[in-house]
Amino acid sequence: MNANLYFDQIDFYAYLPKKDCLECGYTCKEFAEIIKKGKRIENCPYLTQKEVEYLNLAIEARDFLKAPMYPSTIKTKTGLVFSNEKAVTIVTANYPYTQAVIAEVLVRAKIDFNMLVIDTEGYSVDMAVYLGLFNAERLREQMEELEKVDRKKIIIPGLAKNAKKEIEDLIGSAILGPICCAELPIFLLKMGLLR
Ligand code: SF4
């Protein structure tokens, strides 16, 4: 059995141009509903090639992005998996399957990234949020690692929105990312974080 990766939480409409030109055969809102069901984007004159690529990656992620539903915790090491100081830094849980799905989607998108793994006691992000383990205190343990990365490009999981303020107070800034990691490439592109 596979874990819930929250594909239904992707708001494709937010990334469409909202021009309602009907080139795709639908209005933007109708098209968003259709691609949510798995149809690839072929022709939209207002989207860049990169936007189409990353939207199609999110659309197809259901087919390649899987993590098993594991009945227990599994702890990985905490700390920074470092690529370079200009890259975005994805803050996540010390649970291997969470890290694996993030890496899978960003590697497929050919996006450079750092990953900062905090101690969530081996729980995935959703469970860690539910148990109150994804918080500024857990990030405080990684302050030394945070010195190595661009503080303006720290991405926290969308599910951790209640911890955003306390994390910002601690480290200066934090960007609330998407709930579904398949949305990360198009989200990072639209936020201008891939320059
Ligand atoms: S082609 Fe693009 S801009 Fe035009 S209606 Fe479809 S999604 Fe919207």
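**Exercises on salt bridges**

A search of the whole structure finds 11 salt bridges, a salt bridge being a side-chain nitrogen of Lys or Arg within 4 Å of a carboxyl oxygen of Asp or Glu. This is a predicted model, in which local features need pLDDT of at least 70, side-chain atom pairs count only at pLDDT 80 or more, and totals for chains, interfaces and linings use all residues. Residues are numbered from 1 along each chain as its sequence is written, and side-chain values use heavy atoms, with hydrogens and water left out.

**Exercise 1.** Determine which parts the salt bridge between Glu-60 and Arg-40 ties together.

*Solution.* 
- Step 1: the closest N and O atoms of Glu-60 and Arg-40 are 2.4 Å apart.
- Step 2: Glu-60 lies in helix H2 (residues 49-64) and Arg-40 in the loop between helix H1 (28-36) and H2, so the pair joins parts 20 residues apart in sequence. Helices (H or I, at least four residues) and strands (E, at least two) are DSSP runs, numbered from the N terminus.

**Exercise 2.** Classify Arg-138 and Asp-119 by accessibility.

*Solution.* 
- Step 1: buried means under 20% relative accessible area, exposed over 50%, and partly exposed in between (1.4 Å probe, protein chains only).
- Step 2: Arg-138, at 15%, is buried, whereas Asp-119, at 23%, is partly exposed.

**Exercise 3.** State the separation of Arg-140 and Glu-137 in helix H5.

*Solution.* 
- Step 1: a salt bridge joins their side chains at 3.2 Å, N to O.
- Step 2: the two residues are three apart in helix H5, about one helical turn.
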